[in-house]
Every structure is written in structure tokens, then in C-alpha cells.
Amino acid sequence: MASRDELLAVTLHLLAERGYASVGLREVAAEVGVTTGSIYHHFSSKEDLVRSAVEHYASRVFAQQDALLESDASARDRLWAVADWLVASDRGSGWRRDFSLVVNVELRKVSGFERLYGRLRTTFVRLVREPVRAGLASGELALPEGATVDDVVSLVMAGIVGTLQMHARGSLRVPLDRQLRLHMATILRSLQP
């Protein structure tokens, strides 16, 4: 029998790769190599499995976002950390990319996740806004003429979410990690004093 954690990991990955509508208990069971009935040992339905997977990984995300917010690194390094967090390729971190895809592409289509999505978005805004403000105060960063901190936050978020959506549709012509890093490099270049 598959472990609960294995079912959650496979569910998150399948949601990221195929989308909510294309993932059912049969697909999860086939990927894990168990019967659909064994999934019912842990979860009552597809919705329960998806909710459990998203909540499980959201708790990990909140802990990691808190660590990023508490960092005393430079503003540029803190902003790079946001992009690196999404694309890190160290062993066991692929769930972060999967989670980002699920949250920014799939959860927006499924009812019942509005509060969680709002909390994730609020924290992510802080991950961008706080280093930009600190960088401006220290002179490490400068806004382009006529731009505001909120303009920069919107630009970072739009680029990341747009890139994730393009990846999910299969229309991104370069590797996801390369595109996200290029996006952040372009923004940081525009913030040079």
C-alpha cells in the first residue's frame, strides 16, 4: 500500500503536469502502482485528496516563505532567492515548482481554495515588496523614473505567473528555470542605481 505522503506527492505532480480536470483517483493509483481502493484508505474522494495535497504543501511553503522573509541578505539576493526558490533543482525540491504551477494555474479554477490562494499571494507579495523597499532605503536599488514599488511587485508577479501559465499550456519555448531567472535578471537590471 502506498503511503499518504507518496499519494500527496504524486497528486501534486499530476495536477501540475495534467491539470485538475485530467487527474482522477485512477490516474493517481496507476502512477503510484496501487488500486484505486487503496487510496480510499487515506482519502474519501478526489476533492479530499487534492485538498490534502495542496494543504500539505502549502504548510511547507509558508514555513519556507517565512524563512525567506527573515533573511538578512542583500535586497538583490533576497529577490534572486524568490526566483531560485521556484526553480531549485536540488533533490526533493521539484514539489516547489509543481506547487507553484498548481497554485497559479489550477487552483484559480477550483472553488474552495480562495482563502489559501489569497494567503499565498499576500505572502508572495511581501517576499518581493520588502526587499525592494529595503534596497531603495539602502541605495542598493533605484526605481526607474515614474515607477513605484507596487509597479515592481506587479511586474515580478505578472512575469512569474505568466511564465508558469505558459509552461502549463506547453507554449514556453525555453526551460522554465531559464525563463524565470531571465525575468528576475531583467527586473534587477532595471533597478540598478
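**Labels and their cut-offs**

Arg51 and Glu55 sit four residues apart in helix 4 (residues 46-69), about one turn of the helix. The model is predicted: local features need pLDDT of at least 70, side-chain atom pairs count only at pLDDT 80 or more, and totals for chains, interfaces and linings use all residues. Numbering starts from 1 along each chain as its sequence is written, and side-chain values use heavy atoms, with hydrogens and water left out.

Q: What makes the contact of Arg51 and Glu55 a salt bridge?
A: The term asks for a side-chain nitrogen of Lys or Arg within 4 Å of a carboxyl oxygen of Asp or Glu. Arg51 and Glu55 give 3.2 Å, N to O. That is within the cut-off, so the pair qualifies. Asp48 joins Arg51 and Glu55 in a network of salt bridges.

Q: Why is Arg51 called partly exposed?
A: Buried means under 20% relative accessible area and exposed means over 50%; partly exposed is in between (1.4 Å probe, protein chains only). Arg51 has 35%, so it falls in between. Glu55, at 40%, is also partly exposed.

Q: How do you know that Asp84 and Arg181 form a salt bridge?
A: Their N to O distance is 3.3 Å.

Q: Which parts does the pair Asp84 and Arg181 tie together?
A: Asp84 lies in helix 5 (residues 75-87) and Arg181 in helix 9 (residues 176-190), so the pair links parts 97 residues apart in sequence. Helices here are DSSP runs (H or I, at least four residues), numbered from the N terminus. Asp84 is partly exposed at 32%, and Arg181 is partly exposed at 30%.

Q: What makes Arg126 and Glu130 a salt bridge?
A: The closest N and O atoms are 2.9 Å apart. Arg126 is partly exposed at 38%; Glu130 is partly exposed at 28%.

Q: How many salt bridges does the structure hold?
A: Six.

Q: Which residues of helix 1 meet helix 2?
A: Glu6, Leu7, Val10, Thr11, Leu14 and Arg18 do, against Glu27, Val28, Glu31 and Val32 in helix 2. Contact means heavy atoms within 4.5 Å.

Note on methods: Helix = DSSP H or I, 4+ residues; strand = E, 2+ residues; numbered from the N terminus.
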